[in-house]
Amino acid sequence: MNSAAQGLTTDEARERLARFGRNESAEARDHSLRHVLAAVAGEPMFLLLLAAAALYLAIGDLGEGLLLSFFAVVSVGLVMLQQYRGERALQALRELAVRHVRVLRDGATVRMPATELVPGDWMLVGEGERIGADALLREASALQVDESLLTGESAPVRKRTGPAAGEPVPGGDDSPHVFAGTLVVGGHGVAEVTGTGARTQMGRIGGSLAGIETQATPLQRQVGRLVRWFGVLALALSAALVLWYGLRSGDWLQGVLAALAFAMAMLPEEIPMVLAIFIGLAGWRMARLQVLARRPAVIEALGAATVLCVDKTGTLTENRQRLRRLASGGADLDLTAGDALPPSARSLLEYAVLASRRGSADPLDQALLAEGDARLAAPQLHADWELCREYALTPELPAMSHAWRRPEGSIELAAKGAVEAIADLCRLAPAPRAALLREAEALAGQGLRVLAVARGSAVAAGLAAQQQDLPLDLLGLVAFEDPLRAGVPAAVAEARAAGIAVVMITGDHVATALAIAAQAGIPVGAGALTGAELARMDAQALRAAVRDVRVFARVLPQQKLALVQALQANGETVVMTGDGVNDAPALKAAHIGIAMGRRGTDVAREAAGLVLLDEDFARIVAGVRAGRRTFDNLRHAMTYIVAVHVPIAGLALLPLLFGLPPILLPAHVVLTEMVIDPMCSFAFEGVAEQDGLMRRPPRPAREALLGRTMLRQGVLEGGLLLAVVLAVYAGALQALDAEQARTLAVVGLTAGNLMLVWVNTGPHGRRQPAQRALFWITGGAALALGAAIAWPPLRSLLQFGVPPAPAAAADTGKHHEDPARSRP
């Protein structure tokens with residue numbers, strides 16, 4: 001080891017660690033606090049609830065004031081919960097780093113937590129270890145690193161020492177830079193730490209996550225606009241009611257109470273609750289399909305999805321290497337066919353296995369050994385041979401060789417590596433070399449990773465010291481694939497049939513990306529665009545490109561984010577799937593982010609709204625189906641809410657205009673809207689899906705949740721119910737006192753409310769699931785209303801009266817008709 005590699009002293013490291021820790025912690029705290037305060041201040045429901053609660057407390061109605069204050073606190077809690085979820089993505093970035101690393105301190109090797117690394121430390125890295133920080137290599141021996149978490153490429157890259165040149169970029173062979181969180185799959189080295197925490201490549205991704213606002217779904221935006229519009233209208237009409245009633249009667253307190261009741265009747269505060277119930281139940285249904293909804297609202301948004309962006313590695317493919325082809329002696333054998341191996345192919349596989357190391361972290365070695373163990377009989381694996389020498393892969397010669405001693409003492413050589421390197425070792429003439437390279441290029445054009453294999457013989461006494469001097473003969477080529485997941489083609493076909501465009505965004509080679517896209521059924525007619533080409537495009541050119549191109553290769557993490565944002569700028573509702581750290585910003589920025597559960601990183605899962613627990617790509621299509629069904633049923637629920645608000649608002653306002661005693665007090669409005677309406681939403685959520693749900697195109701993202709037809713239907717139904725209840729109330733006042741008449745009116749309103757649910761869940765011939773819920777809801781509402789009338793404390797709180805029996809009511813009516821008859 002270089003004598004200059006002494007590292008920092010312990011005191012220097014502690015001083016740097018304290019300085020970096022203070023700065024990063026303060027920045028994180030300030031950002032989180034600003035984000036929470038801004039989100040709470042901009043929440044309209046929170047502001048309305050706070051204002052209403054203050055008014056109730058000002059007039060001395062402690063119960064109503066505390067109730068509304070409680071809902072205001074819940075609103076703040078939901079905002080903070082969403083912020084907490086976003087911050088967990090950043091925490092996952094920190095937790096992804098290795099727990100311990102080997103570091104040179106005071107000239108000695110010590111093992112310490114990676115969180116204590118500081119720039120200037122000298123860090124030792126070796127096979128099977130994750131790198132603890134961004135660093136510059138000072139020494140390297142056959143070092144190979146898997147950087148798929150940052151680049152999306154499943155193949156390891158070679159590393160070598162050299163001067164730092166420009167900005168460190170993950171991916172590509174022979175770079176002197178190594179990056180935090182990546183895995184060493186071969187070799188070892190010493191590196192000087194250049195960045196830790198937020199100053200690493202993963203930290204920069206975390207910074208981009210912190211600056212990305214989670215996109216509201218189209219439905220959430222529509223509901224927000226609807227609630228704000230009704231809220232403004234309710235406040236304006238309530239203010240007018242206070243002025244009119246106060247000037248007319250002089251009773252300003254009663255005017256304020258009446259206006260509050262009317263405002264509560266107008267304010268559709270149950271819409272967010274009904275939406276939460278719908279989305280919550282949809283999330284429960286999706287969980288039964290092995291899909292975890294971290295942000296349940298995105299389930300509905302899936303129904304409006306128009307573009308599905310997928311990462312290749314780990315999403316469309318299994319993120320592992322599998323031996324696919326053996327090319328030897330002019331024959332090209334596809335191993336997926338299951339055919340028996342001819343002698344030349346058997347010899348090729350045998351020596352490829354002999355050139356591999358058992359227990360290696362290299363995925364190519366693992367793939368060769370797995371195939372060899374499955375296809376070669378034990379005697380042909382030469383268990384009695386002894387590995388006497390290993391020639392390691394180096395940046396100068398990307399090939400490795402093993403020397404095996406036979407029982408009789410002779411030496412058998414097995415080598416594998418890059419095609420050009422093996423051609424050099426075999427000293428091929430120009431014509432055979434050109435033919436070999438053409439064959440390798442043809443395999444690579446099919447999305448395969450290609451190695452060449454050679455064999456040779458030697459005597460122990462004359463075994464060469466260098467690989468270049470070994471006597472080797474070419475056997476052929478072995479080609480590997482990252483296999484496509486089994487259910488991907490069918491899922492892609494179904495998504496396209498539902499009108500959803502499927503786009504592949506990957507960091508892999510163009511040829512590999514096009515080959516996998518073709519296998520999956522993604523259109524490749526427009527070719528592929530690379531990250532370098534995207535970097536030269538301005539915003540307008542990028543928006544034009546994403547309209548036609550469906551395959552993007554060699555894409556950097558920040559470019560994935562730019563592609564998602566370009567699609568959104570074109571008016572698309574974007575779904576993004578992925579599993580790596582490099583996918584996290586795009587997952588968070590998309591309308592719907594979907595992470596792979598088993599192979600996905602913590603960062604991807606925390607940034608996404610949905611997580612596929614079993615990594616079945618077909619679950620995404622099931623999510624689209626659930627989203628469309630949820631939206632259809634939600635529209636029927638919204639029609640019902642409009643219908644039921646007409647009589648509630650009318651009964652709060654019209655009696656005052658007609659000079660009658662008030663019917664609905666604030667407690668009645670709360671009871672109706674916060675109990676009956678949410679309970680009825682269960683019935684609407686249970687309505688079965690419509691025929692042809694997955695054969696229609698996605699609905700436009702701007703399509704109104706409540707169209708004119710449904711609005712007219714709701715107003716008509718609510719108007720009829722209002723007329724009936726007013727007639728009942730006016731008639732009851734002729735024979736009964738105000739509390740008894742109010743009781744009959746509320747009973748009529750509740751019965752009509754339940755009837756509206758039956759009407760709006762029944763016209764489609766799909767009532768069975770909804771009917772089961774409705775029977776329970778009807779019974780529960782009847783019991784609750786009966787208890788409110790029969791139990792004196794509750795009856796007093798709601799200002800109800802027990803209606804008399806029919807005979808008594810008739811007699812009471814006579815007294816009302818001629819008060820003189822009641823005098824003694």
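Q: What makes strand S16 count as largely enclosed by the rest of the structure?
A: In this predicted model, seven of the nine residues of S16 are buried. Buried means under 20% relative accessible area, so with seven of nine residues below that mark S16 is largely enclosed by the rest of the structure.

Q: How do you know that S15 and S16 pair?
A: Pairing takes at least two bridges between two strands. S15 and S16 have seven bridges and run antiparallel, so the pair passes that test. One spot to look at is Leu451, whose bridge partner in S16 is Val478.

Q: And what makes strand S10 (residues 322-328) a partner of strand S16 (residues 473-481)?
A: The test is again at least two bridges. S10 and S16 have five, in the antiparallel sense, so they count as paired. Leu323 stands opposite Phe480 in S16, and Leu326 has Val478 in S16 as its bridge partner.

Q: Which order do the strands of the open sheet follow?
A: There are seven strands, in the order S11-S10-S16-S15-S14-S13-S12, and the pairing is antiparallel.

Q: Why do strand S11 (331-334) and strand S12 (386-391) stand at the edges?
A: Each of them has a single partner strand, so one side of S11 and one side of S12 are left without a neighbour in the sheet. From one strand to the next, the twist averages 25°.

Q: Which strands does helix H14 (residues 430-444) touch as it packs on the sheet?
A: H14 touches S10, S11, strand S15 (449-459) and S16. Its direction makes about 10° with that of S16.

Q: Why is strand S13 (residues 399-405) called mostly covered?
A: Six of its seven residues are buried.

Q: How do you know which strands S13 pairs with?
A: Count the bridges, with at least two needed. S12 and S13 are joined by five and run antiparallel, while S13 and strand S14 (residues 410-417) have seven, also in the antiparallel sense. Both counts meet the cut-off, so both are pairs. Arg405 in S13 stands opposite Glu386, and Arg405 also stands opposite Ile411 in S14.

Q: How do you know where the buried residues of helix H15 (residues 488-497) fall?
A: The buried residues are Val488, Ala491, Val492 and Ala495. Seen down the axis of H15, they fall within an arc of 100°, so they line one face of the helix. The face turned away from that buried side carries the exposed residues Ala490 and Ala497.

Q: What do the buried residues of H15 pack against?
A: They pack against helix H10 (312-316), strand S17 (501-505), helix H16 (510-520) and helix H22 (619-657). After H15 comes Gly499, with a positive phi near 85°.

Q: Which residues touch the most other members of the largest nonpolar core?
A: Val274, Met638, Tyr640, Leu651, Ile663, Leu664 and Phe800, out of 46 residues in that core. Among the elements that give two or more residues are helix H8 (270-288), H22 and helix H23 (666-685). H22 provides the largest share, ten residues. A second, separate core has 40 residues, including Leu302, Ala491, Ala553 and Ala626.

Q: How many helices and strands does the chain have?
A: The chain has 28 helices and 22 strands. Of its 824 residues, 51% are buried.

Note on methods. Residues are numbered from 1 along each chain as its sequence is written. This is a predicted model: local features need pLDDT of at least 70, side-chain atom pairs count only at pLDDT 80 or more; totals for chains, interfaces and linings use all residues. Side-chain values use heavy atoms; hydrogens and water are left out. Helices (H or I, at least four residues) and strands (E, at least two) are DSSP runs, numbered from the N terminus. Axes are lines fitted to C-alpha atoms, for helices over the stretch in contact, and angles run from 0 to 180 degrees between N-to-C directions. Contact means heavy atoms within 4.5 Å. Buried means under 20% relative accessible area, exposed over 50%, partly exposed in between (1.4 Å probe, protein chains only). The arc is that of the directions from the helix axis to the C-beta atoms. A nonpolar core is a set of buried Ala, Val, Leu, Ile, Met, Phe, Trp, Tyr and Cys residues joined through side-chain atoms within 4.5 Å.
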